[in-house]
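Reader: Hi! I have a model open here and would like to talk it through with you. Could you have a look?

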Amino acid sequence: MVRTRIAPSPTGEDIHIGNLHTALINWTFAKKNDGQFIVRIEDTDQQRLIKGSEERILKTLKEYGLIYDEGPDAGGSAGPYRQSERLETYQIYGKELIEKKVAYYCFCSKERLESLRKKQQKEGLVPRYDKHCLNLKDPEKRVEDGESYVVRLNIPEDIVISFEDLIRGEITFFGKDLDDQVLIKADGFPTYHLAVVVDDHFMKVTHVIRGEDWISGTPKHIYLYDSFGWEKPIYVHTPLLRNPDRSKLSKRKNPIWASWYLKHGYLPEAVLNYLCLMGWSHPKQKEIFDLDEFISVFELKNIQTAGPIFDVVKLEWMNGEYIRRMNSGLLTNKLLEFYHEKYPKEAIEKTVPLIQERIKKLSDYLPLCEFFFKMPEEYQADLKPHKSILKKAHDTLAKITSWKAESIGQTLQNLTVKEKLRNADFFMWLRVAITGKKISPPLNESMEILGKKECLHRLSSLL
RNA sequence: GGCCCCAUCGUCUAGCGGCCCAGGACGUCAGGUUUUCAUCCUGAAGAUCGAGGGUUCGAAUCCCUCUGGGGUCACCA
């Protein structure tokens, strides 16, 4: 039985787009194998906790349609799914490690650690704990006396730890390069390294699919699994999404919160489709496909190891493709929802055929179509020199009995011929007069939708 | 800096020893259609496959070295 998981920590505004990427892979792999996809909240850092973060992460995940089988608000037999609610478990296994001499109590002060680190750095050494507390006489007594302590992993200097990464092959680390990582902090909370191993084991996670920034932490996890005598999961370290300068995707250089894209008019299915293409490609080189298809053709082994740049331009193109291929009723509803029903459905419905091929994001709609809902407040061209021709246009249009795009167009066309005007000039003036803008949906059709009365009103108000 | 990961057009990628003097997509540029924009159509530029050595009859594909990029080195995840 395949069980995958993502383990976001509620220390940000929302789920990171990179985490959404790994969530997508975890979810897809679970689906493909009729397995379960779990969300576990890693809230062991009490300092960095952000209120409301967990709720937003879970909400965004749902908005993207990555529905989890088990999680803090979904239940499941391996719960609780919030690490802050599993503290006793970590305590028990921390003790077990101490008994097995795999871990030890450490009473060093922050100050000592700080000066040790400074000294090592000064000497050009890698900052590492010096095992100062490894062989204390009676540490249990000091713990019982209430002295502040942490529990550290005791990594032997001469050990060689290797593990197999499904897409990267064997990766080897040496004990001398690894630090005696803190497993249980002074506040009694575990650090990531203990919690992740204990939880993945008891939650029966079979495949640990996470970002490559965790590779260097993995040997510690391996050492813990071996010490407990537990079966290890299969590891897959996915490539990290990058900024255009190839550094790890960051807030400064990119919108990183997954919900940002939704708020700015991107469709969840388009974002997910684009994410599919980050470090993976369709066997038939297809670029646009839905999640069902992704599930059926996806293979973990085909994930690329090089870190891809997250290119918003291509994402926009893809979003535009999704909008283009959508049926117009659906697009109407999406727009209605996107603008919180601020505009009447019937009105949006009529305009959709005009703009469906012109917008790439839902948010492109309003700048293009706002003139349908209200008079232009400003005009992108000076119409004063063209008042007389606009007057003629007004009077000619006033005579039209059947207010249809075709007859409007024909009437205006005749006018340009009669007045010996260039189409491009005349229609631009009229376009600005009606819409306020130099760029708009097709003019005749727009005028038909606006209605005769409103069009004449807009023209006469300029005269 | 130590350790680890990675390396094909600007970007996402195809490629698993001969079908590749490297294919597709985004983007860019030029032309056509069009009353604006967008769409659409046609075409073009764009990668000495990071560099240098091997292995081989033959290498983008295998090996080594170097270079470059990235990650990680907390009582953060």
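Reader: Is Ile 434 buried or exposed, and why?

Author: Ile 434 counts as buried because it has 23 C-beta neighbours inside 10 Å. The cut-offs are 20 or more other C-beta atoms within 10 Å for buried, 12 or fewer for exposed, and partly exposed in between, with C-beta atoms placed from the backbone. Keep in mind that this is a predicted model, in which local features need pLDDT of at least 70, side-chain atom pairs count only at pLDDT 80 or more, and totals for chains, interfaces and linings use all residues. Residues are numbered from 1 along each chain as its sequence is written, while chains are lettered from A and ligands numbered from 1 in the order in which they are written.

Reader: Thanks! Where is Ile 434 placed, and which residues does it touch?

Author: Ile 434 sits in helix H17. Helices here are DSSP runs of H or I with at least four residues, strands are E runs of at least two, and both are numbered from the N terminus. Not counting residues up to four places away in sequence, Ile 434 touches Leu 443, Ser 446, Met 447, Cys 455 and Arg 458. Touching, or contact, is taken as C-beta atoms, placed from the backbone, within 7 Å.

Reader: Which residue does UniProt list for "binding site"?

Author: The unreviewed UniProt entry lists Lys 251 under that heading. UniProt positions are given in the numbering used here, feature names are shortened, and annotations may be inferred rather than shown by experiment. Lys 251 lies in the loop between strand S9 (234-238) and helix H8 (258-263). It counts as exposed because it has 11 C-beta neighbours inside 10 Å.

Reader: Changing topic: how is chain A divided into domains?

Author: Chain A is divided into domain 1 (86-238), domain 2 (326-372) and domain 3 (384-460). Those bounds come from an automatic or database domain assignment. The C-alpha centres of domain 2 and domain 3 lie 23 Å apart. Their contact takes 9 residues from domain 2 and 9 residues from domain 3. On the domain 2 side, helix H13 (345-355) and helix H14 (365-373) are the elements that give two or more residues.

Reader: What about the annotation over residues 333-461?

Author: In the unreviewed UniProt entry, that range carries "domain: Aminoacyl-tRNA synthetase class I anticodon-binding". Over residues 333-461 the chain is 64% helix and 0% strand, and the end C-alpha atoms are 34 Å apart.

Reader: Now the strands. What covers S4?

Author: Both faces of strand S4 (residues 150-153) are covered, with Val 150 and Arg 152 buried on one side and Val 151 and Leu 153 buried on the other. Strand S3 (residues 103-106) pairs with S4 in the antiparallel sense over 4 bridges, and Cys 106 stands opposite Val 150. S4 also pairs with S7 in the antiparallel sense, over 2 bridges, where Arg 152 stands opposite Val 182. Pairing requires at least two bridges between the strands in DSSP.

Reader: And H6, which of its residues are buried?

Author: In helix H6 (residues 192-202), Leu 194, Ala 195, Val 196, Val 197, Val 198, Asp 199 and Asp 200 are buried. They pack against helix H3 (87-99), strand S7 (182-184), strand S8 (207-211) and helix H7 (218-228).

Reader: Last one: which peptide bond is cis?

Author: The bond from Gly 79 to Pro 80 is cis, with omega near -5 degrees. Pro 80 is found in the loop between helix H2 (53-63) and H3.

Note on methods. Two residues are in contact if their C-beta atoms, placed from the backbone, lie within 7 Å.
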